[in-house]
Amino acid sequence: MSPSATTEAPRPLEEYERLPDAELDARIGAARQALGPRLTILGHHYQRDEVVQYADFLGDSYRLSQRGAESTADFIVFCGVHFMAESADILARPAQRVILPDLGAGCSMADMADIADVEEAWASLTREFGDTFVPITYMNSTAAIKAFVGKHGGLVCTSSNARAAFEWAWARGERIFFLPDEHLGRNTGASLGVPLANIGMWDPRVDPKRALATVPKDTRLVVWRGHCSVHQRFTPDQAVFLRKEIPGIRIICHPECRYETCQAADLVGSTDFIIKTIANAAPGSKFAVGTEIHLVTRLARQHPDRLVMSMQRNVCACATMYRIDPVHLCWALENLVAGHVVNEIVVDDPTIEWAKVALGRMLEIR
Ligand code: SF4
């Protein structure tokens, strides 16, 4: 559905930059009211609270994209990062329009796998190993990578179903090519019995011939050299220190953390697993969490009878997610009210088609 017709130009972002918080709050509220059921706002778990307070749904990227598609809203405003808004557009009904309030909100991990580099790597790997690879991409990847994987017989996975995705792929081919997070790939492969020495790593920064030379001839898994700049900062030393300082504390981390960090943790699992584990823990339980700080502080507030803290002392937030703020949200919403769809995320039809194939295969294993 089109926004209401208007002849005025979109309102510039600069008009909003100096607005006091109370005014932004009132204007966001008024815009939400004006748009009513035509609008749904999605907030990722790692999003700051000043933004989360306006979200109709809070969740992980895949669940939020589903929520958007299930809603009757015409406009889906995704308070997350670029690949998440793309996923929402892939799943959205054709008439729905997806908006990312700040186009600068990318994801360092997704950006590490450029489609041209991936195609080059695939050509080298299939030349060397024949038709033995099944590609898998983590949800945290661009629409182009999801489509690539769909086109080549593979599937998308989340951090909750990565093990099942690996089993699915190995039932169909001898080897897996995993994108774009080396840590989730390595952690999942190792948990399914692949020796670390058997895991190849494709480094897109080196010449393909050199990259290929590092892949073991009998490999069952090749991981893309990519990582999350937030989760890679958690280390095994932090676990050792915390256990010494706080007796009884349990270390729980996300599988985007390094292999060594996951090995040092008591529990490893997806965002959903972390949330549920802490919610179901007995009062007095103590957790040091290896994931994004906004989720950790929210969990600490929700469970004041438990100790919930970050594994890391000087924590960094997800800097790109942090770009979404009430200023950008207010700007995007008021422009919608005025009939302008700003910062729309549009994935082209062939990409949507193949990305849906890869996502559909994921649904087979859930
Ligand atoms: S936390 Fe990491 S993987 Fe998630 S959006 Fe931020 S950079 Fe990307």
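Predicted model: local features only at pLDDT ≥ 70, side-chain atom pairs only at ≥ 80, totals over all residues.
Ile-251 sits opposite Ala-288 in strand 12, where helices (H or I, at least four residues) and strands (E, at least two) are DSSP runs, numbered from the N terminus. Residues are numbered from 1 along each chain as its sequence is written, and side-chain values use heavy atoms, with hydrogens and water left out.

Next up, Ile-252 faces Val-289, also in strand 12. Strand 10 (residues 250-253) and strand 12 (residues 286-290) run parallel and are joined by 4 bridges; two strands pair if DSSP finds at least two bridges between them. Strand 10 also pairs with strand 11, in the parallel sense, over 2 bridges. There, Cys-253 has Val-268 of strand 11 as its bridge partner.

Axes here are lines fitted to C-alpha atoms, for helices over the stretch in contact, and angles run from 0 to 180 degrees between N-to-C directions.

Gly-284 is in the loop between helix 13 (271-280) and strand 12. Setting aside neighbours within four places in sequence, Gly-284 is in contact with Asp-305 and Arg-306. Gly-284 and Pro-304 are 20 residues apart in sequence, with a C-alpha to C-alpha distance of 9.2 Å.

Another open sheet has 5 strands in the order 6-5-7-9-8, and the pairing is parallel. Its edge strands are strand 6 (155-157) and strand 8 (199-202), each of which pairs on one side only. From one strand to the next, the twist averages 25 degrees.

Strand 8 and strand 9 (residues 221-224) run parallel and are joined by 4 bridges. Trp-202 stands opposite Trp-224 in strand 9. Helix 9 (residues 182-191) lies across strand 5 (133-138), strand 7 (175-179), strand 8 and strand 9, at about 160 degrees to strand 9.

Leu-179 and Pro-180 are joined by a cis peptide bond, with omega at about -20 degrees. Pro-180 belongs to the loop between strand 7 and helix 9.

Asn-343 isn't a glycine, yet has a positive phi of about 55 degrees. Look for Asn-343 in the loop between helix 15 (326-337) and strand 14 (344-345).

## Around the ligand

The ligand takes up the space of the largest pocket. On a 1 Å grid over the protein atoms alone, a pocket is an open set of points where a 1.4 Å probe fits, with protein on both sides within 12 Å along at least five of seven lines; a molecule sits in one if more than half of its atoms lie within 2 Å of its grid points.

Surrounding the ligand are Tyr-46, Val-81, Cys-107, Ser-108, Asn-140, Cys-228, Val-230, Glu-256 and Cys-318, going by heavy atoms within 4 Å. By class, that shell has 6 nonpolar, 2 polar and 1 charged residues. Ala, Val, Leu, Ile, Met, Phe, Trp, Tyr, Cys and Pro count as nonpolar, Asp, Glu, Lys and Arg as charged, and the others, Gly among them, as polar.

Terms used:
1 Å grid on protein atoms, 1.4 Å probe; cavity = no way out; pocket = protein on both sides within 12 Å on 5 of 7 lines; lining within 4 Å. Contact = heavy atoms within 4.5 Å.
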